[in-house]
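The following paragraphs lead the reader through a structure. Please keep the sequence and the model in view while reading.

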10 protein chains.
Amino acid sequence: MPINFLGDIMNKLEMTDLIVSSKISKGLSWETIAKDLKVSPVWLTSACLGMNSATPKQAKAIADYLGLDDTVAEALVAFPTKIWDQAVPTDPLVYRLYEVVGVYGDTLKEVIQEKFGDGIMSAIDFSMEVDKIEDPKGDRVLLTLNGKFLPYKSW
Amino acid sequence: MPINFLGDIMNKLEMTDLIVSSKISKGLSWETIAKDLKVSPVWLTSACLGMNSATPKQAKAIADYLGLDDTVAEALVAFPTKIWDQAVPTDPLVYRLYEVVGVYGDTLKEVIQEKFGDGIMSAIDFSMEVDKIEDPKGDRVLLTLNGKFLPYKSW
Amino acid sequence: MPINFLGDIMNKLEMTDLIVSSKISKGLSWETIAKDLKVSPVWLTSACLGMNSATPKQAKAIADYLGLDDTVAEALVAFPTKIWDQAVPTDPLVYRLYEVVGVYGDTLKEVIQEKFGDGIMSAIDFSMEVDKIEDPKGDRVLLTLNGKFLPYKSW
Amino acid sequence: MPINFLGDIMNKLEMTDLIVSSKISKGLSWETIAKDLKVSPVWLTSACLGMNSATPKQAKAIADYLGLDDTVAEALVAFPTKIWDQAVPTDPLVYRLYEVVGVYGDTLKEVIQEKFGDGIMSAIDFSMEVDKIEDPKGDRVLLTLNGKFLPYKSW
Amino acid sequence: MPINFLGDIMNKLEMTDLIVSSKISKGLSWETIAKDLKVSPVWLTSACLGMNSATPKQAKAIADYLGLDDTVAEALVAFPTKIWDQAVPTDPLVYRLYEVVGVYGDTLKEVIQEKFGDGIMSAIDFSMEVDKIEDPKGDRVLLTLNGKFLPYKSW
Amino acid sequence: MPINFLGDIMNKLEMTDLIVSSKISKGLSWETIAKDLKVSPVWLTSACLGMNSATPKQAKAIADYLGLDDTVAEALVAFPTKIWDQAVPTDPLVYRLYEVVGVYGDTLKEVIQEKFGDGIMSAIDFSMEVDKIEDPKGDRVLLTLNGKFLPYKSW
Amino acid sequence: MPINFLGDIMNKLEMTDLIVSSKISKGLSWETIAKDLKVSPVWLTSACLGMNSATPKQAKAIADYLGLDDTVAEALVAFPTKIWDQAVPTDPLVYRLYEVVGVYGDTLKEVIQEKFGDGIMSAIDFSMEVDKIEDPKGDRVLLTLNGKFLPYKSW
Amino acid sequence: MPINFLGDIMNKLEMTDLIVSSKISKGLSWETIAKDLKVSPVWLTSACLGMNSATPKQAKAIADYLGLDDTVAEALVAFPTKIWDQAVPTDPLVYRLYEVVGVYGDTLKEVIQEKFGDGIMSAIDFSMEVDKIEDPKGDRVLLTLNGKFLPYKSW
Amino acid sequence: MPINFLGDIMNKLEMTDLIVSSKISKGLSWETIAKDLKVSPVWLTSACLGMNSATPKQAKAIADYLGLDDTVAEALVAFPTKIWDQAVPTDPLVYRLYEVVGVYGDTLKEVIQEKFGDGIMSAIDFSMEVDKIEDPKGDRVLLTLNGKFLPYKSW
Amino acid sequence: MPINFLGDIMNKLEMTDLIVSSKISKGLSWETIAKDLKVSPVWLTSACLGMNSATPKQAKAIADYLGLDDTVAEALVAFPTKIWDQAVPTDPLVYRLYEVVGVYGDTLKEVIQEKFGDGIMSAIDFSMEVDKIEDPKGDRVLLTLNGKFLPYKSW
């Protein structure tokens with residue numbers, strides 16, 4: 001039972017419900033909202049699903065755009081506790097990403113550390129994009145992850 | 001204890017040992033080998049680590065390049081059983097990728113399915129690249145995943 | 001706690017409750033409904049249990065047939081998050097299927113890859129049927145899985 | 001560490017190694033062997049991988065066909081302890097089958113029990129076949145499971 | 001969260017509550033009810049706890065005996081989804097049974113398969129009885145399991 | 001890695017190997033040995049598989065019968081550490097017993113405690129028998145567990 | 001979700017709530033209540049927390065002492081299903097006990113079986129006491145477990 | 001794979017083997033050795049099984065007593081890494097202790113903290129004894145744990 | 001489902017909600033409250049989040065400071081049951097601490113025991129501070145843990 | 001089975017064995033070596049235990065200091081795969097650190113994010129020190145963690 005210590009602030013689940021309801025009733029897509037607010041669709045969606053925090057200014061812009069009040073904006077600003085329940089995800093779309101980490105994890109370690117030295121790709125100083133490549137043999141998903149390389153240091 | 005039913009064929013662990021030893025003693029990088037053999041460094045590394053199979057022609061080219069004999073080439077051709085032991089990986093480089101799946105899994109489902117409809121990104125009809133973006137504030141890792149979209153169908 | 005980000009749309013559990021109640025009160029079987037709507041009983045049941053999405057047209061046909069309103073149809077159209085709670089299922093009928101995967105998994109890998117090369121059987125571009133073979137020594141269940149073969153590719 | 005209490009009898013892992021080595025060196029496929037011995041390729045493979053026992057006559061036929069001696073035949077006759085190490089399999093081909101059980105388990109329970117009453121499909125009085133359906137849009141795997149229905153009984 | 005897709009039918013938990021309340025208020029034992037209804041106490045209890053289904057006739061007899069209405073009878077007839085939450089049970093009475101399986105599992109496999117050949121004891125075509133053996137040094141529980149032997153078959 | 005602190009005494013695995021090899025080469029069954037030594041086949045098998053200890057006299061009788069030396073007798077006398085590796089067993093014969101505990105655990109608790117009061121059936125002061133009931137519709141396995149009832153006491 | 005099949009009888013959680021509330025409002029300690037009722041504080045507490053059953057007479061005495069009615073007494077008499085949720089407890093006081101079992105489990109097996117022969121210490125025919133040893137360097141907890149030795153027997 | 005970073009020092013498993021072999025060949029018991037060396041049998045056994053370290057003087061006394069050389073004494077002095085493999089132990093003697101922690105953990109927390117305030121019983125500043133209480137109805141094991149109470153402090 | 005046996009006393013979750021709501025509406029930080037009450041911010045926060053108990057005097061001071069009534073003070077005084085649900089935490093901030101324990105656990109054991117002898121750092125007689133080190137290349141978190149060394153003792 | 005893809009390079013386990021043996025035979029401590037080589041004892045120990053890589057210059061200095069050859073230096077330079085086997089560590093010294101993360105994880109999140117904003121403390125751009133505080137009431141361990149704060153950023 002993860003707890004966000006938010007006191008009277010609306011919790012992230014209620015916030016997501018209000019945002020998604022408004023988005024559907026207005027016939028909007030994450031992509032449209034993101035383009036109009038000049039942020040990335042992936043980041044916008046993650047903030048609206050409660051997995052990232054927005055600045056007060058971003059939060060107000062999102063809430064205003066969707067016709068929602070300040071309690072939603074406050075909830076967007078709150079720092080989330082990032083919890084997931086399934087160590088191994090079952091939804092096929094998410095599992096395929098997990099499978100990529102399992103199959104190619106050691107490979108990526110070899111290739112990244114050969115290029116950069118001993119260290120990691122940050123998941124915090126990080127961004128991600130989703131693109132669609134149209135193809136007559138079947139469209140393709142292009143997923144781009146961009147993270148700062150953090151080298152290990154001795155001390 | 002996963003088993004590759006390979007009979008007398010060299011197993012993938014021995015193959016990887018021979019390949020990596022030759023690579024180190026010749027002072028080669030995955031990138032150089034891949035460029036010379038005109039394949040992707042990520043795919044080449046995954047095949048040499050035993051997580052993908054090569055065609056007989058590719059396998060022969062890799063073995064020849066590294067000065068290794070036909071038993072290595074045969075092992076590269078064998079179809080691997082893809083096993084990983086840690087449901088949650090502990091190595092920090094690999095864990096950060098797992099964390100991205102945990103934090104952004106639902107977000108990617110929203111964004112991909114908004115763009116493509118109900119379905120998934122294939123992890124089989126799939127490729128991946130690693131690039132380095134030099135940056136005075138700290139270089140960045142650019143990871144690009146490219147998978148065919150597979151729609152669910154009714155029947 | 002899996003979440004379907006559905007906003008005001010009826011969630012899949014409520015949808016299933018309404019569908020099953022109507023089906024029972026009308027004395028219908030999955031097989032009859034499927035035959036009348038010209039879809040497969042397995043697919044129809046999976047959609048009604050919330051594990052697959054229907055097209056708007058299919059959804060409307062199902063809801064109309066059962067005398068249910070548009071909110072049920074909308075819920076049938078929503079893209080499901082496919083979650084199961086038991087990594088090892090306990091219900092004996094489902095466990096026996098899990099046991100088949102455990103006992104015959106490596107065997108199927110050998111036989112399928114011998115026939116098709118390195119690759120997998122898709123669980124997305126996929127259909128399944130259940131038939132009854134009457135037999136005086138005890139009737140038999142015939143389960144037919146039909147999935148597209150997806151070959152691994154180098155890049 | 002599962003134990004087969006086989007005393008001096010060759011264990012199943014050594015048996016599989018000998019069988020697969022002979023099969024590869026003779027350039028045979030499971031399908032050819034099965035056809036010549038008039039058994040199913042799936043059953044033959046499972047027995048050779050140590051997940052089913054053969055009758056003494058079948059075992060002798062298999063060993064003779066492959067030019068292997070009586071110790072292999074004895075090992076084929078021994079009753080196996082059926083063990084698998086991964087509650088959730090990681091190899092993509094096997095995982096897809098596991099995913100089918102997860103996604104469609106409740107559906108199959110509904111459809112089978114509607115057709116047959118309360119009970120299960122046996123995984124013991126059971127057979128399975130793999131077929132290839134050629135298709136210009138991509139060949140398809142046809143997997144057929146055939147198990148006796150076992151009804152629950154009161155007492 | 002196991003789901004019985006029962007629509008409006010009373011769920012098994014409510015059914016059990018009503019049955020046990022009536023049983024206690026009437027001062028009945030499982031043994032008495034079973035004797036009067038001419039069924040086994042173990043089977044009767046398992047059906048009333050929701051782990052087995054009754055025929056409509058049995059269900060009506062049980063409900064009538066306890067002064068409960070038809071909704072309870074319908075719930076007894078529904079096919080249960082058999083779920084247990086603890087892979088390793090903690091209640092000492094149940095754990096001791098689990099311990100017997102752990103300590104004597106391989107032994108029973110040896111002894112049963114020596115007597116019957118390769119196969120299993122069915123848990124579906126199965127019955128069980130509990131008896132009390134009075135003994136001045138301490139009474140003893142006699143538990144008798146009776147299951148059909150199912151032989152493995154090649155195909 | 002369970003450890004039996006046996007110093008120079010032969011360990012239980014080696015003991016089992018010698019016993020089973022001798023049993024097979026002499027063409028004996030557990031049942032025959034047990035009958036000749038006037039002990040139960042289940043207990044004899046469990047002692048020979050290393051899950052129970054024998055008295056020095058019993059141990060000598062078993063070793064002599066099988067033509068094995070005193071080191072085997074000593075190993076039979078050593079007190080075993082009872083370890084099993086699979087919390088949920090996978091072998092179908094053993095799993096069916098586990099399933100019986102899962103499906104009928106609460107039922108047995110109800111029925112036993114109704115008969116005996118609050119307490120448990122001992123798994124230590126305990127014996128078990130396997131019998132074969134011949135039946136034209138398929139032979140049946142009869143498994144009889146006999147354990148002392150241990151009542152809870154206040155203090 | 002463990003279930004006590006108690007029908008209309010107050011469940012153990014509600015019982016514990018009422019008992020603890022009354023105990024706190026009357027300013028009582030477990031020790032005082034136990035002394036006045038001439039039972040052990042450990043047993044009394046375990047019964048009031050729902051992990052042991054009381055006799056009707058004991059239950060009535062406890063309820064009367066605390067000014068609670070017969071429904072509480074009935075709940076104290078009900079036979080509990082003993083469930084704990086954390087295989088490895090996290091509360092530091094309880095974890096230290098778990099650690100003692102982990103660190104000293106094999107040691108206790110050696111020492112107890114050297115003294116008593118092959119067998120176990122019963123956790124059913126069992127009692128436990130907690131004492132305080134005052135010490136200027138820091139008071140000490142003295143925990144005394146007293147269980148009947150149960151020898152293994154052959155049959 | 002727990003690692004003791006002991007360099008050339010004999011590891012604890014080899015040490016235990018030598019100690020137990022010598023103990024058995026000399027016909028000694030833990031109790032006798034402990035009495036002669038004026039230490040507790042429980043502590044002595046835990047040190048000899050590798051779960052506690054001895055002082056150099058104690059270690060020399062133990063090695064001398066058993067006729068073992070200085071490498072054994074050095075191994076007794078090494079600080080152990082305390083590892084156990086089974087989160088839930090399966091050996092019945094050890095499981096019963098685990099069960100006591102599960103059933104009585106919350107009770108002990110209540111009773112200890114009522115007596116001592118908020119804090120824990122140390123498992124480090126700790127000792128334990130095993131005694132035998134002879135009883136015509138069956139001997140009893142008396143287990144005494146003695147640990148320093150450590151209060152929580154604010155800061 | 002961890003249980004605090006608190007009877008009518010407000011539970012720790014409600015207490016935390018009230019405290020955090022008051023803290024936010026008054027625009028306070030943990031640091032300010034701690035400075036004004038002359039306690040450490042880490043300890044104060046842990047008590048307010050329900051993971052430590054306060055003395056009655058501390059509790060009253062905290063409740064008064066925040067304008068909350070005596071029921072909150074009583075809840076702060078109650079001894080907590082310290083439970084966490086995720087054996088491996090997923091929130092990135094908490095996971096990084098877990099990773100430090102995984103990567104450096106054996107190292108810290110080596111370094112601490114070299115300095116202090118065989119023993120541990122107490123997590124009970126323990127305090128912790130968080131400081132901020134401003135740095136133009138990026139501020140740094142300074143975390144200081146201070147625990148009493150507890151040596152193992154023989155007995 | 002974690003794999004370091006090191007080809008002919010000495011693996012990290014052999015490296016640690018050689019380093020620790022030399023350290024013990026020369027009577028050195030981690031602290032002395034670290035002081036003489038002007039690095040931190042914690043970092044030095046982690047590199048020698050195989051959980052961090054050294055620069056070629058550092059590696060040569062360490063190997064020279066201990067009288068070990070270049071193969072050890074090469075092994076120190078290799079980038080480690082950081083693996084730990086126990087999700088919940090059992091050694092008491094390491095478990096206490098794990099317990100601190102469990103008990104104080106949410107508290108540290110509150111306190112750090114209040115001071116720094118939404119983000120984490122890096123475990124890569126990170127150092128750690130161990131100090132001893134002598135105290136007549138019992139010496140204390142002072143553990144200091146110093147990690148760069150990494151803020152989350154939108155994109």
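In which strand of chain A does Ser122(A) lie? Ser122(A) lies in strand S1 (residues 119-133) of chain A; strands (E, at least two residues) and helices (H or I, at least four) are DSSP runs numbered from the N terminus. This is a predicted model, in which local features need pLDDT of at least 70 and side-chain atom pairs count only at pLDDT 80 or more, while totals for chains, interfaces and linings use all residues. Residues are numbered from 1 along each chain as its sequence is written, and chains are lettered from A and ligands numbered from 1 in the order in which they are written.

Ser122(A) is buried because 21 other C-beta atoms lie within 10 Å (buried means 20 or more such atoms within 10 Å of the residue's own C-beta, placed from the backbone). Beyond its neighbours within four places in sequence, its contacts include Arg96(B) and Leu150(J) (contact means C-beta atoms, placed from the backbone, within 7 Å).

Glu99(A) lies in helix H6 (residues 92-116) of chain A. Glu99(A) is also buried, with 23 other C-beta atoms within 10 Å. Not counting residues up to four places away in sequence, Glu99(A) touches Ala123(B) and Pro92(D).

Between the two chains, 57 residues of chain B are in contact with 57 residues of chain A. H6(B) gives the most to this side of chain B, with 23 residues. Strand S2 (residues 140-151) of chain A and S2(B) pair in the antiparallel sense over 9 bridges (pairing requires at least two DSSP bridges between two strands). Within this pairing, Arg140(A) has Lys148(B) as its bridge partner.

How values were computed. A residue is buried if 20 or more other C-beta atoms lie within 10 Å of its own, exposed if 12 or fewer, and partly exposed in between; C-beta atoms are placed from the backbone.
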